[in-house]
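The sequence and structure come before the details.

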Amino acid sequence: MQFVSHPLVRTLGQRLALGLLTLFLVSMLIFLAVELLPGDFARSILGQSATPETVAAFQREIGLDRPFVTRYVDWISGALVGDFGSSFSSREGYSRTVADIVGPRLLNTFILAGATAAIAVPLALGLGILSALYRNSLFDKVVSILTLITISLPDFFIAYILMLYMAIKFRWFSSLSNVNPDMGFFDMLPLLVLPVMTLTLVIVAHMMRMTRASIIGLLASAYIEMAHLKGLSPLRVILRHALPNAWAPIAVVVAFNLAYLVVGVVVVEVVFVYPGIGQVMVDAVRTRDIPVVQACALIFAATYILLNLVADIVSIVTNPKLLHPR
């Protein structure tokens, strides 16, 4: 009982409850947004030449004739156990569940996001620490300029520039990242280089600049000056004294960028024809496969909310002042 009443446990429970409530509201918005889209889904799938009887029969088959509330309750209750229903493409004589379509693609996206995070996060933290350590030096100015350039450029532009030079002109890598489940890790690795490089360039800038700003903001603190007076090296002062106190804002930016790796990879996956969840969502929108669109949107929302919850937890753990009201 004393454990439950601890401020940290109570605060984390409140954040978790708020995250679940947010996800519930987002799921309602996703289902309602699809419901309010113009046009008749059944007629658009069957074609304009379909008879009213055929359209009505198809609506009964996929459940569009039922009330909105009933369909939402069935959908969200199934989603809680990983059952997002059947794809509209399963009407042509074979059954394909949404999980069968989205599952392998989601795994591919996690592989791409994981490989990018493994490179981008340590690189951003390292560049941010070095820029703070050598503030206003040539290294700091060059890194700051390069990060501002990458922030200013859109994802697809960076992707096409890398593709032009590294895949077409010099032929170092493949321009298409069409991986498949039968490939081994080392066969898949060359195909991941350009998408990983694109995403790394996009997200490193934000994390690096936040790391640099957070550390520089702490260097004027009294305990940092005391550490310098003790004769500690500048690098040790940053790593042992400044960085632990800068984790809260850095963790938020890292979480946002990791969420982008899963939620915002749609453009990069389409450019490189990478079979991830972003690519399958674009295909589903094109073919009006509504259950797949809803499942992808809910997965994106859940990922974003989860990573924001992790950022909140890290911020609270590293900064106990957040446990107490101001």
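Helices are DSSP runs of H or I with at least four residues, numbered from the N terminus. The model is predicted, so to speak of local features requires pLDDT of at least 70, while side-chain atom pairs count only at pLDDT 80 or more and totals for chains, interfaces and linings use all residues. Residues are numbered from 1 along each chain as its sequence is written, and side-chain values use heavy atoms, without hydrogens and water.

Rings of Phe, Tyr and Trp (its six-membered ring) pair if their centres lie within 6.5 Å; planes under 30 degrees apart are stacked, over 60 edge-to-face, and the rest tilted. The count is four aromatic pairs. Two of them are listed here.

| Pair | Centre distance | Plane angle and class |
|---|---|---|
| Phe 31 and Trp 75 | 5.4 Å | 35°, tilted |
| Tyr 72 and Trp 75 | 6.2 Å | 50°, tilted |

Phe 31 in helix α1 (residues 7-36) and Trp 75 in helix α4 (residues 68-80) are 44 residues apart, so this pair links distant parts of the chain. Tyr 72 and Trp 75 are three residues apart in α4, about one helical turn. Ring pairs join Phe 31, Tyr 72 and Trp 75 into a cluster. Buried means under 20% relative accessible area and exposed over 50%, with partly exposed in between (1.4 Å probe, protein chains only). Phe 31 is buried at 5%, Trp 75 at 7% and Tyr 72 at 8%.

Helix α6 (residues 138-152) has 15 residues. Its buried residues are Asp 140, Val 143, Ser 144, Thr 147 and Thr 150. On the other side, Leu 138, Ile 145, Leu 146 and Ser 152 are exposed.

Definitions and conventions
Helices (H or I, at least four residues) and strands (E, at least two) are DSSP runs, numbered from the N terminus. The expected span of a helix is 1.5 Å times one less than its number of residues.
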